[in-house]
Amino acid sequence: MLEIKNLHANIEDQPILKGLDLTINAGEVHSIMGPNGSGKSTLAQVLAGHEAFEVTEGEVRFHGEDILEMEADERARAGLFLAFQYPVEIPGVSTMQFLKAALNAHRKERGQDEIGAVEFMQLVKTKAKLVELNQELLKRPVNEGFSGGEKKRHEIFQLALLEPSLAILDETDSGLDIDALRIVAEGVNQLRKEGRSFLVITHYQRLLNYIVPDVVHVLVNGRIVKTGGRELALELEKSGYAELGVDEEAEQPAAAR
């Protein structure tokens, strides 16, 4: 489904990704862990098509297509979804209208008719239950006045509504208390199915207690330096990154984007 070869990317002329290789097959859940500044969030933003990042070398194919030639909205309509580490508020933009427009863009891409008002409301009601999202929040502008946990639930709710084939979760556990973490993770687990893959980016092993990955990668200084099963995350929780020769204190803060 996703194949990345020798990916190099900069921001403001600073190299962040330095030859990253990664393959994710349909239906697999991969996790990327790594110290601050290793390039985890940069990878997520590059895949989503954030214009601030410059790809200088390498190849990224999604369902066999070169997505580096696509705009961000084209990547989304092709089935790639990014759950942001820090979801933004969009004052003045109705959440319901935003969601319906996004869903209809996906339906158009799939050759489906626009969804009707009644069917849309029924779908919203069903999907909101997955993450125990208070539907009153959906009457507000996008994310406006939402707590940190509500924003993360809203991200997973959008994932459920749009049904992408690849979902990238960029430190979704960031800022969540243990109850919110469990609810969000259970929502994700209900969305796991054959043909849908996940890339779970996290700094801590605790999220992987709930979303059990098939493969765990360790990203250091812009490259994947180790790959293993779930036990690799448990090893990192126990011993940290020092055994991989990583000095977290030495990481450059600017590279933590």
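Modeller: Helices (H or I, at least four residues) and strands (E, at least two) are runs assigned by DSSP and numbered from the N terminus. The model is predicted: local features need pLDDT of at least 70 and side-chain atom pairs count only at pLDDT 80 or more, whereas totals for chains, interfaces and linings use all residues. Residues are numbered from 1 along each chain as its sequence is written, and side-chain values use heavy atoms, with hydrogens and water left out.

Biologist: What makes E9 and E10 paired strands?

Modeller: Two strands pair if DSSP finds at least two bridges between them. Strand E9 (residues 166–170) and strand E10 (residues 197–201) are joined by 5 bridges, therefore they count as paired, and they run parallel. Leucine 166 stands opposite serine 197 in E10.

Biologist: Why do strands E6 and E12 stand at the edges of the sheet?

Modeller: The open sheet has 6 strands in the order E6-E9-E10-E3-E11-E12, with mixed pairing. Strand E6 (80–83) and strand E12 (223–228) each have a single partner strand, so one side of each lacks a neighbour in the sheet. From one strand to the next the twist averages 20°.

Biologist: Across which strands does helix H1 lie, and at what angle to E6?

Modeller: Helix H1 (residues 40–48) lies across E3 (29–33), E6, E9, E10 and E11 (215–220), and runs at about 140° to E6. Axes are lines fitted to C-alpha atoms, for helices over the stretch in contact, and angles run from 0 to 180 degrees between N-to-C directions. Contact means heavy atoms within 4.5 Å.

Biologist: Why is H1 called mostly covered?

Modeller: Buried means under 20% relative accessible area, exposed over 50%, and partly exposed in between (1.4 Å probe, protein chains only). Of the 9 residues of H1, 9 are buried, so the helix is described as mostly covered. Among them are Lys40, Thr42 and Gln45. Just after H1, glycine 49 takes a positive phi of about 95°.

Biologist: Which residues touch the most other members of the largest nonpolar core?

Modeller: Phe157, Leu169 and Phe198 do, out of 44 residues in that core. A nonpolar core is a set of buried Ala, Val, Leu, Ile, Met, Phe, Trp, Tyr and Cys residues joined through side-chain atoms within 4.5 Å. Another core, of 29 residues, lies apart from it and includes Ile4, Leu7, Ala44 and Ile67.

Biologist: What makes a space a pocket and not a cavity?

Modeller: On a 1 Å grid over the protein atoms alone, a cavity is a set of points where a 1.4 Å probe fits but cannot get out, whereas a pocket is an open set with protein on both sides within 12 Å along at least five of seven lines. Lining residues have an atom within 4 Å of a point. The largest pocket is lined by 26 residues, with Ala76, Leu82, Phe84, Phe98 and Gln158 nearest its centre. Helix H2 gives the most to this lining, with 5 residues.
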